[in-house]
Amino acid sequence: MNAPAKTEDFAATVPAGVFAETVTSVTHYTDRLFRFRMTRPAGFRFRSGEFAMIGLMVEGKPVYRAYSIASPAWDEELEFFSIKVPDGPLTSHLQAIKPGDQVLMRKKPTGTLVLDALTPGKRLYMFSTGTGIAPFASLIREPETFEKFDEVILTHTTRDVAELKYGFDLIEEIRNHEFLAEVVGDKLRHYATATREDYPFRGRITDLIRNGKLFTDLGVSAFDPAIDRGMICGSTEMLKDTKLLLEEAGLTEGSNNKPGEFVIERAFVG
Ligand SMILES: Cc1cc2nc3c(=O)[nH]c(=O)nc-3n(C[C@H](O)[C@H](O)[C@H](O)COP(=O)(O)OP(=O)(O)OC[C@H]3O[C@@H](n4cnc5c(N)ncnc54)[C@H](O)[C@@H]3O)c2cc1C
C-alpha cells in the first residue's frame, strides 16, 4: 500500500484547479469505517448535504471519488465519513491518512440532498444506511434544518452495532454543542438499527416501514404527504425500495430544479 503523499514536493504534483487540504484528525471506528477532518479552502462554499470529489495522488496520478461532506456549511473544517474497501483504488490508500497529510478536492460541490430541493413540511425523515449517514451528519448540524422542520428523524441502518457509533457520536456532539444544543433542542430523533446483530431496533429500514414498527417505535403516524418530507441515502437497492414506499404513501420526488416531497442520493456506485 502506498502511503499518501505528504512532503513539500506534493505541492508541485497537485493538479491545476484542485484544492490540496491538510488532514487535521482521523478516527477509525471499525475495520470498514473511518472519519477524517481536513482544513477548508478559503472561499470554498457548499450547501449542507452536498458532495464533492476528493482524491489522492496514487502512483503519480490523481484518483478521485465522490464524497458527501459530513460537516455543516458553517464549519471551518471539512469532515468526511469513509468506507475502507480493501482493494479500492482510493480507499485502500485513503484509510492510511494521518494528520498533516494532504487530500485533494475538486472545486465544485453538488448534490440533491439539500433543503432547497424539498417543499415545506413539518417532519423530515433522513433515511440512511452505512456511510449514507454522511450527508445527514452535515444536515443535522445545520441550523436551517431545524428552522424549516418541527421534527427531524434520522434513521441509520448498518450490519453491525459497532458501525452505528459515528451516528451516536454525532448526536452526543450536538447535545453538548454550545449553540447547536439550543437550536436543535428536542426536535432531532435518532433511530438506529442493525441488521445482523442483536440490537433493540433490528432489521432493514424498509421492513420496519412496511410492517409499521418504525412508526410504533417513534410514536408517530404513518407517512403523510401533507406533513412528511424525506431524504434517502444508501445503496442502490435501499434507495429503490425506500423511494417506492414513499411514493406508495403519496410523496413525490424532488430535485434542485423542482422541489418535491423527497429526494435521494446514492451512497456509492455498485
Ligand atoms: C454521490 C456519492 C457520494 C458518496 N459519498 C461517500 C461518502 O461520504 N463516504 C464514502 O465512504 N463513500 C462515498 N461514496 C462512494 C465513494 O465515491 C467511493 O466509491 C468509495 O470511497 C470507495 O472508493 P474506492 O476507490 O476505494 O473503491 P470503488 O472502486 O469506488 O468501490 C469499490 C466497491 O466498493 C463498494 N463501495 C464503495 N463505496 C462504498 C460505501 N461508501 N459503502 C459500502 N460499499 C462501498 C462498492 O461495491 C463498489 O463497487 C459516494 C459515492 C457517490 C456516488
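A residue counts as buried under 20% relative accessible area, as exposed over 50%, and as partly exposed in between. By that rule Glu237, at 46%, is partly exposed. The model described here is predicted. It holds 23 salt bridges.

**Salt bridges**
- Side chains of opposite charge can pair when their charged atoms come close.
- Glu237 pairs with Arg204 in a salt bridge, at 3.9 Å from N to O. This pair links distant parts of the chain: Glu237 sits in helix α9 (residues 236-248), and Arg204 in the loop between β9 and α7 (205-210), 33 residues apart. Arg204 is partly exposed, with a relative accessible area of 45%.
- Salt bridges with shared partners join Arg35, Arg37, Asp75, Glu77, Glu79, Arg141 and Glu173 into one network.
- Within this group, Arg35 forms a salt bridge with Glu79, and their closest N and O atoms are 3.3 Å apart. Arg35 belongs to strand β2 and Glu79 to strand β5, so the pair ties together parts that are 44 residues apart in sequence. Both residues are buried.
- Asp101 and Lys98 also meet through their side chains, at 4.0 Å from N to O. Asp101 is buried, at 0% relative accessible area. Lys98 is partly exposed, at 42%.

**Helix α5**
- Helix α5 covers residues 165-176. At 1.5 Å a residue, its 12 residues should span 16 Å, and its end C-alpha atoms are 16 Å apart, which agrees.
- Tyr166, Gly167, Leu170, Ile171 and Ile174 are buried in α5. Down the helix axis, the buried residues fall within an arc of 140°, so they line one face of α5.
- These buried residues pack against β2 (33-39), β5 (77-83), α3 (134-139), α6 (180-184) and β9 (188-194).

**Surface patch**
- Trp74, Phe179 and Val183 form a nonpolar patch on the surface. Together they have about 250 Å² of accessible area.
- Phe179 lies in the loop between α5 and α6. Its relative accessible area is 37%, so Phe179 is partly exposed.

**Two single residues**
- Ala194 lies in strand β9. It is buried, at 0% relative accessibility. Among the residues it touches are Thr158, Val161, Leu164, Tyr199 and Phe201.
- Glu59 has a positive phi of about 50°, although it is not a glycine. Glu59 sits in the loop between β3 (51-58) and β4 (61-68). At 66% relative accessibility, Glu59 is exposed.

Note on methods:
Residues are numbered from 1 along each chain as its sequence is written. This is a predicted model: local features need pLDDT of at least 70, side-chain atom pairs count only at pLDDT 80 or more; totals for chains, interfaces and linings use all residues. Side-chain values use heavy atoms; hydrogens and water are left out. Helices (H or I, at least four residues) and strands (E, at least two) are DSSP runs, numbered from the N terminus. The expected span of a helix is 1.5 Å times one less than its number of residues. Buried means under 20% relative accessible area, exposed over 50%, partly exposed in between (1.4 Å probe, protein chains only). The arc is that of the directions from the helix axis to the C-beta atoms. Contact means heavy atoms within 4.5 Å. Patches are made of residues with over 30% relative accessible area and no salt bridge: like charges are joined within 9 Å, nonpolar side chains (Val, Leu, Ile, Met, Phe, Trp, Tyr) within 5 Å. Accessible areas come from the Shrake-Rupley method with a 1.4 Å probe; for residues, only the protein chains shown count as cover. Lists of a residue's contacts leave out its neighbours within four places in sequence.
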